[in-house]
Amino acid sequence: MPFTFSTTHKNTINSLLIQARSGTKAYGDVYDYMASVAKGQAGVDVASIAWLEGAAHVNRGQGTASDFIREYTNQQKQIRFSQSVDAAQMQTISNAIAEK
């Protein structure tokens, strides 16, 4: 049986998203919360938790995965449009992905 977040968990996730949109929390906090709730639950594999935890680091701009993704994104914009992506634009992109 697949794992689903409870209504209480969904409400907390929504609250964290509202706080992230306002800038009082990071979108990484949403990923962290989701991972902490789902970790060890039936129907949740280790790869899913690793993805959520990795997404939290990427959104915060921490770690080698974040460095790789941000550099790759910047290089692709350079190649395609002869423009770079500054840190603020990169964070806006990362936050938009988190909203999905």
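## Basis

The model is predicted: local features need pLDDT of at least 70, side-chain atom pairs count only at pLDDT 80 or more, and totals for chains, interfaces and linings use all residues. Residues are numbered from 1 along each chain as its sequence is written, and side-chain values use heavy atoms, with hydrogens and water left out.

## The nonpolar core

A nonpolar core is a set of buried Ala, Val, Leu, Ile, Met, Phe, Trp, Tyr and Cys residues joined through side-chain atoms within 4.5 Å; buried means under 20% relative accessible area, exposed over 50%, partly exposed in between (1.4 Å probe, protein chains only). The largest core has 16 residues, and Ile13, Leu17, Tyr27, Val30, Tyr31 and Tyr33 touch the most other members. Helices α1 (7-22), α2 (27-38) and α3 (46-60) each supply at least two of its residues, with the largest share, seven, coming from α2. Helices here are DSSP runs (H or I, at least four residues), numbered from the N terminus.

## Asn95

Asn95 lies in helix α5 (residues 87-99). Asn95 counts as partly exposed because its relative accessibility is 22%. Leaving aside residues up to four places away in sequence, Asn95 touches Tyr27 and Asn59, where contact means heavy atoms within 4.5 Å.

The side chains of Asn95 and Asn59 make a polar contact (3.0 Å). Such a contact is a pair of N or O atoms within 3.5 Å; within protein, one must be able to donate a hydrogen and the other to accept it, and residues adjacent in sequence count only if both atoms are side-chain atoms.

## An exposed residue

Phe68 is found in helix α4 (residues 63-81). Phe68 is exposed because its relative accessible area is 57%.
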